[in-house]
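Open the model in your viewer and show it as a cartoon. The tour starts with the whole chain and then moves to single residues.

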Amino acid sequence: MMHASLSFAFKIIFYEGRNFQGRHWECSSDCMDTFRHFNCCNSIRVSGGHWVAYEKPHYMGYQYILGPGDYPDYHCWMGFNNCIRSCQMYPPYRGSYKMRIYNRPEMMGHTMEFMDDCPNVFDRFHFRDIYSCNVMEGFWIFYEHPNYRGRQFFLRPGEYRACGDWGCHNPMVGSFRRMRTLM
């Protein structure tokens with residue numbers, strides 16, 4: 001029963017128009033395909049929880065990490081277009097963070113462990129490419145460019161033996177940060 005009341009507090013609203021105009025759809029749980037609910041998405045309001053929105057169905061394509069707040073157009077969530085076709089809510093997390101990155105696939109090569117944000121991977125790791133990683137604790141976001149810019153990739157705890165495992169075809173990671181949530 002506690003789970004049902006928790007999920008009720010988590011809500012994301014997708015709007016077809018900019019500035020929260022036009023047809024909209026409210027969602028309070030994971031959705032593998034939003035196509036039947038709206039045609040395009042030009043603004044989003046997150047009134048509870050933290051979400052990952054995906055450009056394609058089945059949690060594929062560009063990823064957008066969204067915390068509570070208003071996103072009046074797709075540029076506000078660093079969107080590349082107005083297409084959102086699936087979404088997942090992720091639970092609040094208040095534990096510690098730990099991740100090990102590698103400059104080769106299959107968790108080989110040069111490695112470094114992190115427990116904090118990294119605004120510039122090359123400055124700290126001395127490599128531009130992260131081919132694999134092991135997220136031991138917490139949720140993390142990889143960004144394509146330094147200073148938390150460009151494409152985003154959401155990582156849950158687990159082993160990622162190749163960059164394709166987190167949805168990327170290019171191992172270049174410019175920065176990463178811990179995905180901190182408030183309860």
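Helices here are DSSP runs of H or I with at least four residues, and strands are runs of E with at least two, numbered from the N terminus. The model is predicted.

**Whole chain**

Colour by secondary structure. The protein shows two helices and 14 strands. Its radius of gyration is 17 Å, close to the 16 Å from the globule rule for 183 residues, so the protein is as compact as a globular protein of that length. Along the principal axes, the C-alpha atoms fill a box of roughly 50 × 35 × 25 Å.

Switch to contacts. Of those between residues at least 6 apart in sequence, 67% join residues at least 24 apart.

The accessible area is about 9,400 Å², and carbon and sulfur atoms hold 54% of that. Buried residues account for 45% of the 183. Colour the charges next: there are 20 positive and 17 negative side chains, and the centres of the two sets lie 2 Å apart.

**Annotated spans**

Keep 49–91. Its end C-alpha atoms are 7 Å apart, and the span is 0% helix and 51% strand. Move to 138–180. Here the end C-alpha atoms lie 8 Å apart, with 0% helix and 47% strand.

**M136**

Select strand 10, residues 132–137, and find M136 in it. Which residues does M136 touch, leaving aside neighbours within four places in sequence? The contacts are K98, M99, R100 and E113. M99 is 37 residues away along the chain, yet its C-alpha atom is 5.5 Å from that of M136.

Most residues other than glycine have a negative phi. Two stops go against that pattern.

Go to N19, in the loop between strand 1 (11–15) and strand 2 (24–27). N19 is not a glycine, but its phi is positive, at about 55°. With a relative accessible area of 47%, N19 is partly exposed.

Finish at M107. This residue sits in the loop between strand 8 (98–104) and strand 9 (108–114). M107 is not a glycine either, and its phi is positive at about 55°. Its relative accessibility is 15%, so M107 counts as buried; the cut-off is under 20%.

Terms used. Residues are numbered from 1 along each chain as its sequence is written. This is a predicted model: local features need pLDDT of at least 70, side-chain atom pairs count only at pLDDT 80 or more; totals for chains, interfaces and linings use all residues. Side-chain values use heavy atoms; hydrogens and water are left out. The radius of gyration is taken over C-alpha atoms; the globule rule is 2.2 Å times the number of residues to the power 0.38. Buried means under 20% relative accessible area, exposed over 50%, partly exposed in between (1.4 Å probe, protein chains only). Contact means heavy atoms within 4.5 Å. Accessible areas come from the Shrake-Rupley method with a 1.4 Å probe; for residues, only the protein chains shown count as cover. Lys and Arg count as positive and Asp and Glu as negative; His and the chain ends are not counted. The place of a charge is taken as NZ of Lys, CZ of Arg, CG of Asp or CD of Glu.
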